[in-house]
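Subject: Structure handover

Hello,

Here is the structure for your work. My notes on what was found in it follow below.

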Amino acid sequence: MASDRSYPPLPDALAVPVYDDHTHLDPAIHRDEPGLEPIGWREQLDRAEAVGVRGVVQVGVDVETSIWSAEHAMKDRRMLAAVALHPNEAPELAASGTLESAIETIAELATRPRVRAIGETGLDFFRTDESGRAAQFQSFEAHIDIAKRNGLALQIHDRDAHNEVVETLLRVGAPERTVFHCFSGDAALARLAAEHGWYLSFAGTVTFKNAPALREALAVVPRHLITVETDAPYLTPMPHRGRPNAPYLVPHTVRFMAETLDVPLDELAAQMAANTEAVYGSWDSELEGLQ
């Protein structure tokens, strides 16, 4: 039987609005999702706002999507941008001799209004073998430098590379505001991150039945270092796992996190909203020239 590729219904709205710390609304990302009928990015933002998701961080993964992110953040006050080369892009760019020029493009985009983060960057040893790791390290360190030079937050992609990501951050110096996007570590890594003041962003994966380690990690993170995200169109939270994800589904994850932590929903939502603004600034600033 074919899986259901339709978008889920809207959840009940949150009384206290939050933000989607990391999402992909650009058309390019949806071209790689077979059978998905994409929703236009403005409708995505309308749906999100209707259920208490006040804004999103739209994240680039290559030059094309980073340009899209920087440009479209100037078209709607509900969107901020993050720009970067995904770690899995780095080996291919290095092989073609274009990694350095692509990094230069990211550095230029980092100066644009409403670009508030460098990401997603980091290390991914799940898809990249040893031959491509040098390029990933080169790209990761260059992105860290761009974030620090521009006073921007850093959004980290970390897959099967926890030790190496931490070692790199400690060796070259992490930006003041560093976020582990779609945190995938255990309680030990969560404690280590908290010691350094690094933020942990939890996606729909925390709701999955096979993710007790994530819930253990959530339980030990200081509340002032927690944010929430979708990583849409991926990682759809329960009860809609397997269907396309979207920023308007954040309330499912927020409610699950509140239940897991046994804290009032509104209290957790307010804390995470404040945390997200502490990382990226106000969605209502740099509005001059907004289309």
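Predicted model: local features only at pLDDT ≥ 70, side-chain atom pairs only at ≥ 80, totals over all residues.

Two strands are taken as paired if DSSP finds at least two bridges between them.

**Strands**

Strand E1 (residues 18-23) pairs with E2 in the parallel sense, over 4 bridges. Within E2, Gln-58 is the bridge partner of Thr-23. On to E3 (residues 79-83): E2 pairs with this strand as well, in the parallel sense and over 4 bridges. Here Val-56 stands opposite Met-79 of E3.

E3 is in turn joined to E4 by 3 bridges, and the two run parallel. The bridge partner of Ala-82 in E4 is Ala-117. E4 and E5 also run parallel, joined by 6 bridges. Thr-121 has Ile-156 as its bridge partner in E5.

How many residues of E2 and of E4 are buried? For E2 (residues 53-59) the count is 6 of the 7 residues, so this strand is largely enclosed by the rest of the structure. For E4 it is 10 of the 10 residues, so E4 is likewise largely enclosed by the rest of the structure.

In a regular strand, side chains alternate between the two faces of the sheet.

At the start of H3, a side-chain oxygen of Asp-62 comes to within 3.3 Å of the backbone nitrogen of Glu-64. The buried residues of this helix are Thr-65, Ser-66, Trp-68, Ser-69, Ala-70 and His-72. Which elements cover them? The cover includes H1, helix H2 (41-50), E2, E3, helix H5 (99-109) and strand E4 (115-124).

The loop between helix H3 (63-72) and E3 holds Asp-76. Is Asp-76 buried or exposed? Its relative accessibility is 6%, and buried means under 20%, so Asp-76 counts as buried. The side chain of Asp-76 makes a polar contact with the side chain of Arg-78, at 2.9 Å. Leaving out residues up to four places away in sequence, Asp-76 touches Trp-41, Arg-42, Leu-45, Arg-114 and Leu-290.

**Backbone exceptions**

Most residues other than glycine have a negative phi, and most peptide bonds are trans. The residues and bonds below are listed against that background.

- Arg-114, one of the residues that Asp-76 touches, has a positive phi of about 70° although it is not a glycine. Arg-114 lies in the loop between H5 and E4 and is buried, with a relative accessible area of 0%.
- Asp-231 is not a glycine either, yet has a positive phi of about 60°. Its place is in the loop between E8 and H10, and at 10% relative accessibility Asp-231 counts as buried.
- Ala-232 and Pro-233 are joined by a cis peptide bond, with omega about 15°. Pro-233 is placed in the loop between strand E8 (226-228) and helix H10 (250-261).
- The peptide bond from Met-238 to Pro-239 is cis too, with omega near 10°. Pro-239 also has its place in the loop between E8 and H10.

**Largest pocket**

The largest pocket holds about 880 Å³ of space. It is lined by 34 residues, and the closest to its centre are His-86, Arg-127, His-157, Arg-159 and Asp-231. Which elements give two or more residues to the lining? They are helix H1 (27-31), H3, strand E5 (153-159) and helix H9 (212-220). By class, the lining residues divide into 10 nonpolar, 10 polar and 14 charged.

**An exposed residue and a distance**

Glu-104 lies in helix H5. Is Glu-104 buried or exposed? With a relative accessible area of 57%, Glu-104 is exposed. Glu-104 and Asn-210 are 106 residues apart in sequence, and their C-alpha atoms are 40 Å apart in space.

Regards

Methods. Residues numbered from 1 in each chain as written. Heavy atoms only, no water. Buried < 20%, exposed > 50% of the residue type's maximum accessible area, 1.4 Å probe, protein only. Polar contact = N/O pair within 3.5 Å; in protein donor to acceptor, adjacent residues only side chain to side chain. Contact = heavy atoms within 4.5 Å. 1 Å grid on protein atoms, 1.4 Å probe; cavity = no way out; pocket = protein on both sides within 12 Å on 5 of 7 lines; lining within 4 Å. Points joined across faces, edges and corners; volume = space filled by probe spheres on them. Nonpolar A, V, L, I, M, F, W, Y, C, P; charged D, E, K, R; others polar.
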